[in-house]
Amino acid sequence: MVRLSQLAEPFRTHLLELPCPTFESEPWVPGPAVERSRVAIISTAGLHRRDDRPYSIGATDYRIVPGETAAADVVMSHVSSNFDRSGFQQDINVVFPIDRLRELAARDAIGSVAGYHYSVMGATTPEQMEPAAHEMAGLLKADGVDAVLLVPI
Amino acid sequence: MGGLAHYLEGDGLATTQISLIREHSERMRPPRALWVPFELGRPIGVPDDAVFQTRVVMAALDLLSAEEGPVLADYPEDAPEADDITGWSCPINLAPLMDEAETKAQRLGAAFDDEIGRLRPWHDLAVEARGRTTVGASGLEIDAAGRFIAACLERELPASPRPELSTPEVLRLACDDVKAFYLEAAAAQPGRASSHDLAEWFWGTTTAAKVIVALRALCVDNEDKGLRGLVGILVPRAQLHRIG
């Protein structure tokens with residue numbers, strides 16, 4: 001259970017008033033057939049490999065999470081303390097469902113799992129993330145990805 | 001999240017996303033979004049429940065077959081509540097909270113160090129059971145992280161133990177590591193603690209929380225810009241009521 005209307009003030013108002021940019025156009029790419037899609041995850045949870053650089057306040061860059069990365073090698077350095085981390089501590093898949101994608105690929109519910117996944121630190125405004133988004137798009141295409149699962153935190 | 005969807009789709013990639021705050025998705029209108037009624041920090045719903053998680057992931061992926069958009073769908077299933085969300089309490093006898101006259105940095109640091117030591121066996125069990133720990137973003141061992149945090153309460157800030165990061169940056173990461181260490185240790189104890197139980201225990205009873213709250217007070221109006229930047233970060237908004 002968490003609906004915005006059920007959160008306590010002043011946190012509810014804080015979330016409600018977070019800036020959300022609007023866009024003049026609404027780009028639309030026809031989705032691939034799910035059972036033939038190559039799927040990558042982009043998480044805004046501030047995830048990275050243990051020996052990679054932690055995110056800083058206002059970070060506008062991304063981190064690569066190779067598909068074979070072990071859960072034990074993934075840590076989180078998101079700057080916000082306003083979300084639960086005990087779920088991630090218990091099971092990485094509750095924020096980064098990599099094992100679920102592997103299982104779906106194994107039973108042909110999706111085509112394949114990308115070789116590389118990505119994470120950013122979601123406290124940065126969307127506009128500031130635009131250069132990183134374009135860079136990730138190029139990398140995802142080079143990996144043959146045709147469907148991106150975006151997972152917030 | 002919705003912004004990334006716009007940019008990626010504009011670059012020719014089909015996206016689908018989880019939405020935790022429906023109001024944000026309504027405003028940003030990403031191409032495909034599945035709003036889920038889950039707790040912030042748990043976008044796929046339930047840890048250690050592969051069947052539940054698969055249903056959520058597939059519901060998001062199924063939006064790829066929509067013929068036109070934007071699509072904002074509602075996931076119909078709530079995450080189940082913990083079996084007993086009010087009965088859990090940490091059985092470890094942590095150091096009692098000190099009164100204000102005793103909160104000098106050195107005494108607080110010593111109590112903090114002692115507390116970490118008493119939780120260590122439970123954290124060892126947590127690592128054994130889960131096969132991993134999420135402690136480590138600071139790059140410091142937990143004892144060193146605790147000592148570094150305690151040292152920051154002293155009059156003079158210690159040098160950063162990581163040359164590539166500033167002292168405030170390491171301080172933030174060390175605090176996150178301490179929180180992770182405590183929550184992982186507490187979750188390993190008997191009983192089923194909900195995220196709410198764990199947060200209430202940490203922020204309401206531990207010396208670690210008292211140290212972090214003291215650090216936050218030190219950061220307010222501090223001449224160091226990096227420390228001032230931690231004021232809104234160290235303590236969750238939902239716990240600010242504990243600060244007088």
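**Ground rules.** I worked from a predicted model, where local features need pLDDT of at least 70, side-chain atom pairs count only at pLDDT 80 or more, and totals for chains, interfaces and linings use all residues. Residues are numbered from 1 along each chain as its sequence is written, while chains are lettered from A and ligands numbered from 1 in the order in which they are written.

**Chain B overall.** I found nine helices and three strands in chain B; these are DSSP runs (helices H or I, at least four residues; strands E, at least two), numbered from the N terminus. From the N terminus on, I read the order as α-β-α-β-α-β-α-α-α-α-α-α. I noted that 48% of the 244 residues are buried, meaning that 20 or more other C-beta atoms, placed from the backbone, lie within 10 Å of a residue's own.

**Helix α3 of chain B.** I looked up residues 50-62 next: this helix has 13 residues and reaches 18 Å from its first C-alpha to its last. Which of its residues are buried? I listed B:Gln53, B:Val56, B:Val57, B:Ala60 and B:Leu61.

I found that the cover includes α3 (98-106) and β7 (147-151) of chain A, along with β1 (14-19) and β2 (32-35) of chain B.

**A residue of chain A.** Leaving aside neighbours within four places in sequence, A:Val148 has contacts (C-beta atoms, placed from the backbone, within 7 Å) that include B:Leu8, B:Leu13 and B:Thr15.

Notes. Expected span 1.5 Å × (residues − 1). Buried ≥ 20, exposed ≤ 12 C-beta atoms within 10 Å, placed from the backbone. Contact = placed C-beta atoms within 7 Å.
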